[in-house]
Amino acid sequence: MTKVKLYEIAHARAGDKGEVTNISLIPYNEELYEEIEKQVTAEAVKEHFADIVSGDVLRYEIPNLIAFNFVLKGTRPGGVAASLDIDPHGKSLSWALLEMEISID
Amino acid sequence: MKKIKIGCGAGFAGDRIDPAIDLAEKCDLDYLVLECLAERTTAMANIEKKIDSSNGYGAFFEERMTKLLPLCKERGFRIVTNIGAANPEAALLKATEIARSLNLDSLKIAAVIGSDVLANLKGKSNQIWENGKTFKELQDNIISADAYLGVNEILPALQEDADVIITGRVADPSLFLAPMVHEFNWKLDDWEILGMGTVLGHLLECSSQVTGGYYADPVYKEVNDLAHVGFPYIEVDEEGTGILGKAPGTGGAITIGTCKEQLLYEIHDPSKYVTPDVIADFSSVSLKELAPNKIEISGGTGKEHTETLKVTLGVNEGFFGEGTISYGGHHAIERAKMAEDILKIRFTEQDIKLKKVRYEVVGLNSLHGSIGENKNHNPYEVMLRVAAISDEVDDVTRLGNEVEALWLHGPGGPGGIRRYTKPIISAKSTLIHRSEIKSTVIYQEV
């Protein structure tokens, strides 16, 4: 078993709508879909983003596209315009998700 | 089978214009769509309109029209755009003026009116999603209310053969779906095909985000020549299948990867993407690479649309202030922290009222908090950033003064102080019943 960063095995894109961020997570290799499904749970993502996400994290699985979509609530209270973040849209958060580590064979 | 080509010539208010010209000149389009409104754009545009009633349409309007109207006439494609923002009527007059000044004739220009629902909502109890308050409770601070219109409101302009259609707030995918519905006579209750068309519109609506933009990583996801990234077009047939392409000779790349990323962009539940036209289901979409930079998109479906429409409200929420100062060389982080401590004392003792304040160290923790900070690295140079919100402009101005004063009164070797304030117009959401919308289309013939 080796530890890998998600950025070595998947790509991701962040989007914003109001106070919510969504981040897609797309494995480069479809064989890793199952392992990512097992380890990159909504709870694990919420913990990873502990100082950034104040609300719930939901995960949608899209096996047809071999992809996941995470919805992170409360990333920017007040929305983009009232955000104090240097990245008010949260577009850099996709790369933050890709810093997560999982174990693969 | 009949097919049409729809290009995306702008994905946001400030988008490049040259890729739209490439599309218009090289891709034999039937339609060119310019998507120019973000959540806050109509609120800002409403402020401009209040100051001058002939303003209130989108950025670079004159330049876009000056460059594209002649091509529209010459190549025979139609333009559909939401660049009307808060004032489609004024945009219509301006576009007519520009067309005449360019000696273009027999051009029919339309403006779709009806997104502005501020008058409808005054005194009403429609609930605001983000804070549960009613419109009535906040209305003194609400400066704009724009409903997301859809295909239904754009269709009459297409049916009346307008060459250029300028709308206010409409749902982004609807700008692309309306031409499809018009050309193929799709029924407005054929939810499956409306869902398929919505998928295609969603892929195109952010210009280069599907052709290699907002994607590249020099090591893992190589993309060439983003300085000349081509904007996308879709060749769609009457059964709702589309082939995605871009102008020959342009940079960027269309791949399964770029399509997946854009498909899920700004989506929550992929099986329930709500637009004014349909509740689209993206979960069954199929992507197939036909050739380099040519992807076929099929699948997707939909359910009946909702009875309500989303409304974006522009709300006055005080003032934002920001200050930054940089340190490089030994003990850069320590000096940044020292400056932060000074500011905290000054803000308190000088009675600078800040409702919310944030301190961060750019280069260490500003983008990703502890995810970045815990990496045990020691950047050579950092920037201390403080950002805050206040009810009064005076407090955020004084925040900037205190940061500036660190030139003399802070740690040694400070570099590059910046300070900035702006009024906060935030975007909030509510719903309005469809029956409240009274939309009309007005025309000018050049």
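## A buried aromatic pair

Over all chains, the structure holds seven aromatic pairs (ring centres of Phe, Tyr or Trp, its six-membered ring, within 6.5 Å).

## Basis of the model

This is a predicted model: local features need pLDDT of at least 70, side-chain atom pairs need 80 or more, and totals for chains, interfaces and linings use all residues. Residues are numbered from 1 along each chain, chains are lettered from A, and side-chain values use heavy atoms, without hydrogens and water.

## Sheet and helix

Chain B has an open, antiparallel sheet of three strands, ordered S9-S10-S13. Strands are DSSP runs of E, at least two residues, and helices are runs of H or I, at least four. Two strands pair if DSSP finds at least two bridges between them. S9 (273–274) and S13 (301–303) of chain B are the edge strands. S10(B), residues 279–281, and S13(B) share three bridges. Ile279(B) has Lys303(B) as its bridge partner in S13(B).

Helix H9(B), residues 191–204, packs on this sheet and touches S9, S10 and S13 of chain B. Contact means heavy atoms within 4.5 Å. 13 of the 14 residues of H9(B) are buried, so the helix is largely enclosed by the rest of the structure.

How values were computed: Axes are lines fitted to C-alpha atoms, for helices over the stretch in contact, and angles run from 0 to 180 degrees between N-to-C directions. Buried means under 20% relative accessible area, exposed over 50%, partly exposed in between (1.4 Å probe, protein chains only). Rings of Phe, Tyr and Trp (its six-membered ring) pair if their centres lie within 6.5 Å; planes under 30 degrees apart count as stacked, over 60 as edge-to-face and the rest as tilted.
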